[in-house]
Amino acid sequence: MSILSTEQLGHSFNDNWLFKDLYFGLNKGDRVALVGINGTGKSTLLRILSGLLAPSLGKVVTERDLRIGYLEQDPQFQNQETISDFIYSIGNEKQQLIRQYEEAVGKEIQDEKLLNKLMDELSNANAWEYEYEIKTILGRMGIQNLEQKIVTLSGGQRKRLALAKLLIDDPDVYILDEPTNHLDIETIEWLESYMTSGQKTILLVTHDRYFLDNVSSRIIELDRGKLQSFNGNYSYYLEKKAEQNAAEDASFSKNSNLLKKELEWMRRQPKARTTKSKSRIDSFYELEEKTKGRQIKSSLELSVNVARQGNKILELDNIEKAFNGKAVINNFSYVFKKGDRIGVAGKNGTGKSTLLNIVTGAIQPDKGSVQVGETTVFGYYRQGGLEFKEDERVIDVVKNIAEYITMADGKTLTASQVLTHFLFPPAKQYGMVNKLSGGEKKRLQLMRVLMKNPNYLILDEPTNDLDIDTLNVLEDFLLNFPGILMLVSHDRYLIDRLTDQLFIFEGDGNVRIYSGNYTDYRLEQDEPKAAVKAKPIIEKSEPETPKRKLSFKEQKELDDLESETKVLEKNIETLTTELNSGITDHTKLSEIALEIQSLKDEIDIKTLRWLELSEIK
């Protein structure tokens, strides 16, 4: 049964319908991804479903007292002054108790009487696990100073704060608009695990294809104002969509050819028509309706004529950079070579963007030297976004860079033709930039960078707010880009596909050069952990048979795992009781919470081993 649904839902802007007569249902435990190109109305639909926007047509029906949590692309913070004001809701008793406790603990001179009182109240409210969960979420989102003013936060920090609040509140339905934007890869992987635990009900829009595959179990496509559902993850959707497109394209081509013939017949017909002619005319209009608005999607094939590149490209010699005494880059050297395709990875705030700014000369290193080759032409796509004048048209923004672009084969494309390749139809080209969606503005910004014909391309988080169709266009272009590519991205799929070397920012100024893509790196990182967790089984084995049974040793391990897991669960139960027993020592409380988490991790490891042995059995 649906806990959230729509009836004849429609919405329009300036008499232009984004969608109409939509029927949609979300059941408890569903994890649904909404896909579609920029400008089709995905974010608008999410705002309507969350209750922030009234639809032009139809209505949204929800289960009584359903709590909906909504993460916007650009979160708004109304009357909250500090992070703490936003995180701890006034109407939530447990959150307010936790806030008072954290503030009391954080004071230089602690009021022991107040602390004891708050500890008693937290124990009575069974809130210690919740307090530990809040700390974990804030830590994962990089939120430390709860008294920091919200107005001082960057766009990325504001997005992470809004996501943290949503996870802490744990609503009945999560509605997420680009949740992975501004998160580093480690945090995205943690978020994947968090969102797939329990029976969470999720509706999300994201460009992150690995995240889509790992989180969603159903894909809904919004295309030309209509919804179509695919029961499976993103890989399944791509497979079925490809089959569907091939069938539709064949049918469209056939109908288009027939329509041309019928159009010629219509033009030749006299005004007086027979009954037989009337039937054919009706068929003509029916055929015209079938082909209206349907086009065979053409893939973008752009191979720009990049500026000539000499032997000397760029040399970094023992560069160092620090801010407020904290090193972000320490003694780093690298000589760039033709064909380098480098991914830049690391946690937020470790110095990735700083390196890009040093490379392009926007800032100078504290020590060391940067030598740029005479023929090196940088194309730098920054996170900041597109700057434009309110009265500028889309095509004017491009023409300010160049009237045309030269291709690798010597041919030239006009600004209008390049815009069309980048999924801006003529109607959009002569519209105002301020009418574009967030993703469309990012696409336009990216196009302006590429039109400069750089031979050294630097992309700093290019995937934020871009739809998947645009990402496919970008990937195809970058795969054939003959110059140097330097890519900072939290999109693991993009880094895996486009790079073969990594600069990994490990913190404290250390930058590691790794040969391989991100998946190679993670597998290498996980090997030592797996070696520690796993119990190697060394047997004097006989030659393997196609289907083997558990050895005596493995059978005993399987039996022991069941009893060991029960003991661990019993220990967690005991510790949880102790946690809520009224202990007044906050250090002891923290130790108990950490021990509970450690036991849970141990149960996870044993469960995985149990499953592995059970499959053999």
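**Entry 1: Lys 347 and Glu 186**

A reminder to myself before anything else: this is a predicted model. I began with charges, and a search of the whole structure gave me 26 salt bridges. I picked Lys 347 and Glu 186, whose side chains meet in a salt bridge at 3.7 Å, N to O. Where do the two partners lie? Lys 347 is in the loop between β13 (341–346) and α11 (352–359), while Glu 186 is in helix α7 (residues 185–195), so the pair ties together parts that are 161 residues apart in sequence. I checked accessibility too: Lys 347 is partly exposed, with a relative accessible area of 46%, and Glu 186 is partly exposed at 42%.

**Entry 2: Lys 337 and Asp 340**

Next I looked at Lys 337 and Asp 340, a salt bridge with 3.8 Å from N to O.

I then turned to Glu 524 and Arg 512, which form a salt bridge with the closest N and O atoms 2.8 Å apart. This pair links distant parts of the chain, with Glu 524 in helix α18 (residues 518–533) and Arg 512 in strand β21 (residues 510–515), 12 residues apart. Glu 524 counts as partly exposed at 32% relative accessibility, and Arg 512 counts as partly exposed at 26%.

**Entry 3: the nonpolar cores**

From charges I moved to the nonpolar side chains. In soluble globular proteins, nonpolar side chains tend to be buried together. Which members of the largest nonpolar core touch the most others? I found Leu 161, Leu 167 and Met 195, in a core of 62 residues. Helix α6 (residues 155–169) supplies the largest share of this core, 7 residues.

Setting aside its neighbours within four places in sequence, I listed its contacts: Phe 77, Ile 83, Phe 86, Ile 87, Ile 143, Ile 150 and Leu 153. There is also a second, separate core of 40 residues, with Ile 185, Leu 471, Phe 477 and Leu 487 among them.

**Entry 4: rings**

I counted aromatic pairs next and noted 15 of them. In one, the ring centres of Phe 230 and Tyr 237 are 5.0 Å apart and the planes stand at 80°, so the pair is edge-to-face. Phe 230 is buried, with a relative accessible area of 7%, and Tyr 237 counts as buried at 7% relative accessibility.

Phe 378 and Tyr 456 form another edge-to-face pair, 4.9 Å centre to centre with 65° between the planes. Here Phe 378 belongs to strand β15 (residues 378–381) and Tyr 456 to strand β18 (residues 456–460), so I looked up the separation: the pair links distant parts of the chain, 78 residues apart.

**Entry 5: charges over rings**

I looked for charged side chains placed over ring faces. Lys 20 lies over the face of Trp 17, at 4.7 Å from the ring centre. Arg 443 lies over the face of Phe 424, at 4.8 Å from the ring centre.

**Entry 6: His 182**

My last stop was His 182, which I found in the loop between β7 (173–177) and α7. His 182 counts as partly exposed, at 26% relative accessibility. How far apart are His 182 and Gly 155 in sequence and in space? The two are 27 residues apart in sequence and 8.4 Å apart in space, C-alpha to C-alpha. Leaving aside neighbours within four places in sequence, I listed the contacts of His 182 as Gly 155, Gly 156, Lys 159, Arg 160, Asn 348, Gln 383, Asn 464 and His 490.

Definitions and conventions:
Residues numbered from 1 in each chain as written. Predicted model: local features only at pLDDT ≥ 70, side-chain atom pairs only at ≥ 80, totals over all residues. Heavy atoms only, no water. Salt bridge = Lys/Arg side-chain N within 4 Å of Asp/Glu carboxyl O. Helix = DSSP H or I, 4+ residues; strand = E, 2+ residues; numbered from the N terminus. Buried < 20%, exposed > 50% of the residue type's maximum accessible area, 1.4 Å probe, protein only. Core = buried A, V, L, I, M, F, W, Y, C linked by side-chain atoms within 4.5 Å. Contact = heavy atoms within 4.5 Å. Phe/Tyr/Trp six-rings, centres within 6.5 Å; stacked < 30°, edge-to-face > 60°. Lys NZ or Arg CZ within 6 Å of the ring centre and 35° of its normal.
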